[in-house]
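I am opening a notebook on a structure I have not looked at before. I will start with the whole and then go into the parts.

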Amino acid sequence: MNYWIRLDPREYVNHALIYLALAALLGILGPFGTYGEPYVWRLSYWLTMLCIFGGVVVPFSAMLLTRIDAVHRTRLIPGGAMLVLAAALPMTLIVGVIDVALSALASRLSAAGLMDPQPVAEWRSAGSAWWDFAAAAVLYVQVAAISLVAIGLVSLRFAVRQGSTASPHLHPQYQLPLSARPGAAFLSRIPDAIGTDLICLRMEDHYVRAVTRQGEALILLRMRDAIAELDGVPGLQVHRSWWVAADAIVKLSRDGRRTEVLLSNGLRAPVSASFRPVLHGVLASAA
């Protein structure tokens, strides 16, 4: 979720290349009744839909799900699956509206003799009835299927990149039994399902969100108490609301007066001026 919420603008170029490759494949296959259209038209259609989906709908859906803490309130559905199902809802509406608009445009072009009426294919007829429950349900399933592939490809690229930037070997502390490891008091609070390979902590009201390489969880604890319990774990506080693990830091970046630290999972943590000297010292010693 956090990857989509705090998406680096430079990642949009990489995503666009993924969507272009997927659109080219969908243009060849012509799924959901689009095969009757010219290839260039199919390519343009799928690329437009994928860019709207990945550039607007998915980040907005991820932000909404995170704000209402849907992943942790509904533990039966994994975060990735929930994001696909949630993002497919507004995308279904968008696809339906665009299909209706294209159907109307095609009808006018056909009436004016500028377009062969035959290519006004079945998918447009289905799109014109998107407000019908049965047709909308079919369209939703189709959108969810394409969404799953699109998010899956982006997630695969992210996993490969994360694997290349992460340390190839676990820090020695992670090879010890939990009770014997530094920070055992806090690490024992983390659910077993997400492991204890910490990336960062983020304060959220009276909770601390613990982010590991396998997931994240909300823990009812004050930030200062969590940091105290992590004594001995390589890491540091970079903001009043953020603590980051030393081996999760990829680089320090500046955007105007704003300083951030990029983490191995793609998150960007803000760095306060008061914590900046300590962070510079940690980075210098690690260089």
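**Entry 1: the whole protein**

I began with burial. Of the 287 residues in the protein, 40% are buried. I keep in mind that this is a predicted model.

Next I looked up the accessible surface. The total for the protein is about 15200 Å². Carbon and sulfur atoms hold 65% of that surface.

Then I turned to contacts.

The protein has 10 helices and 8 strands.

**Entry 2: the sheet of five strands**

In what order do the 5 strands of this open sheet lie? I read the order as β3-β2-β1-β5-β4. The pairing is antiparallel.

I looked for the edges. They are β3, residues 215-220, and β4, residues 235-239. Each has a single partner strand, so one side of each has no neighbour in the sheet. From one strand to the next, the twist averages 20 degrees.

I picked one pair to follow. Strand β1 covers residues 198-204, and strand β2 covers residues 207-212. They pair in the antiparallel sense over 6 bridges.

**Entry 3: the loop between β1 and β2**

I stayed with this pair and checked the loop. D205 is found there, between β1 and β2.

Is D205 buried or exposed? I found a relative accessible area of 74% for D205. Exposed means over 50%, so D205 counts as exposed.

I then checked the backbone. Most residues other than glycine have a negative phi. D205 is not a glycine, yet its phi is positive, at about 55 degrees. I marked D205 for a second look in the viewer.

**Entry 4: the sheet of three strands**

I moved on to the other open sheet in my notes. Here 3 strands lie in the order β6-β7-β8. The pairing is antiparallel here too.

Which strands stand at the edges? They are β6, residues 249-255, and β8, residues 268-270. Each pairs on one side only. The twist averages 30 degrees from one strand to the next.

I followed one pair here as well. Strand β7 runs over residues 258-263. β7 and β8 pair in the antiparallel sense over 3 bridges. For E260, the bridge partner in β8 is P270.

Conventions. Residues are numbered from 1 along each chain as its sequence is written. This is a predicted model: local features need pLDDT of at least 70, side-chain atom pairs count only at pLDDT 80 or more; totals for chains, interfaces and linings use all residues. Side-chain values use heavy atoms; hydrogens and water are left out. Two strands pair if DSSP finds at least two bridges between them. Helices (H or I, at least four residues) and strands (E, at least two) are DSSP runs, numbered from the N terminus. Axes are lines fitted to C-alpha atoms, for helices over the stretch in contact, and angles run from 0 to 180 degrees between N-to-C directions. Buried means under 20% relative accessible area, exposed over 50%, partly exposed in between (1.4 Å probe, protein chains only). Accessible areas come from the Shrake-Rupley method with a 1.4 Å probe; for residues, only the protein chains shown count as cover.
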